[in-house]
Amino acid sequence: AWPWSLRRRHVSANRGSSMTIIPPSPPVVMFFVALGSRIVLSHVDAIWLPTLLFSAFVLIGNPLIVMLIMGGLGYKSRTSFLSSITVAQISEFSLILMALGARLGHVTEEHVSMVTAVGIITITASSYLILYGERLHDTLRPYLKVFEFNLKHLDDHAPQHDLRNLS
């Protein structure tokens with residue numbers, strides 16, 4: 001996720017919970033501004049379809065892989081789903097590698113633009129998937145049961161914590 005979307009949850013017995021957004025460091029902001037300035041809009045005609053296909057693959061394929069693995073390990077669909085949507089994005093490291101590859105002449109500016117666009121789409125979409133993950137899981141619950149493979153669920157043995165009563 002974007003550096004500024006990192007959040008800390010504060011739980012208070014009197015006021016419930018609140019969210020604090022951690023601001024990004026200046027070097028991180030400068031890197032993303034520099035990378036975004038390298039997007040060449042003249043390539044949009046050539047990269048829009050691959051960008052959408054790669055974005056769909058990352059947004060759907062990565063969570064499916066994680067859900068299959070977690071289901072095979074015995075986790076329930078809720079745990080698998082909520083964990084899987086956190087990987088529905090490309091990493092910032094791939095953007096760094098593409099910038100380095102362009103600097104060394106191994107990839108074209110068109111490729112850098114495409115990967116940057118995929119990054120923007122997947123990072124933005126996964127932020128909303130994480131934010132609304134509970135509601136999305138409740139909507140998709142009947143269909144997600146197919147990812148529960150083992151009868152012995154690891155979730156049943158996990159300690160339950162009530163965060164509302166923390167001091």
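Trainee: How exposed is Glu 134?
Mentor: Glu 134 is partly exposed, with a relative accessible area of 40%. Buried means under 20% relative accessible area, exposed over 50% and partly exposed in between, with a 1.4 Å probe and protein chains only. This is a predicted model, where local features need pLDDT of at least 70 and side-chain atom pairs count only at pLDDT 80 or more, while totals for chains, interfaces and linings use all residues. Residues are numbered from 1 along each chain as its sequence is written, and side-chain values use heavy atoms, with hydrogens and water left out.

Trainee: Which side chain does Glu 134 meet in a salt bridge?
Mentor: That of Arg 78, at 2.5 Å from N to O. Arg 78 is partly exposed, at 40% relative accessibility. A salt bridge here is a side-chain nitrogen of Lys or Arg within 4 Å of a carboxyl oxygen of Asp or Glu.

Trainee: Why would such side chains pair?
Mentor: Side chains of opposite charge can pair when their charged atoms come close.

Trainee: How many salt bridges are in the whole structure?
Mentor: The search finds 3. One of them joins the side chains of Arg 141 and Asp 138, at 2.9 Å from N to O. Those two are 3 residues apart in helix α6, about one helical turn. Arg 141 is partly exposed at 38% relative accessibility, and Asp 138 is partly exposed at 44%.

Trainee: And what about Glu 148?
Mentor: Glu 148 forms a salt bridge with Lys 145, with the closest N and O atoms 3.6 Å apart. Glu 148 counts as partly exposed at 21% relative accessibility, and so does Lys 145 at 43%.

Trainee: Which residues of α6 are buried?
Mentor: Gly 133, His 137 and Leu 144. Seen down the axis of α6, the buried residues fall within an arc of 35°, so they line one face of the helix. The arc is that of the directions from the helix axis to the C-beta atoms.

Trainee: What covers them?
Mentor: The cover includes α2 (44-72), α3 (77-84) and α5 (109-131). The face turned away from the buried side carries the exposed residues Arg 135, Thr 139 and Pro 142.

Trainee: New topic. How many aromatic pairs are there?
Mentor: The count comes to 1. The rings of Tyr 128 and Tyr 132 have their centres 6.5 Å apart and their planes at 5°, so the pair is stacked. Rings of Phe, Tyr and Trp (its six-membered ring) pair if their centres lie within 6.5 Å; planes under 30 degrees apart are stacked, over 60 edge-to-face and the rest tilted. Tyr 128 is exposed at 51% relative accessible area, whereas Tyr 132 is partly exposed at 37%.

Trainee: Last one: how many helices and strands does the chain have?
Mentor: It has 6 helices and 2 strands. From the N terminus on, the order is β-β-α-α-α-α-α-α. Buried residues make up 28% of the 167 residues in the chain.

Methods: Helix = DSSP H or I, 4+ residues; strand = E, 2+ residues; numbered from the N terminus. Contact = heavy atoms within 4.5 Å.
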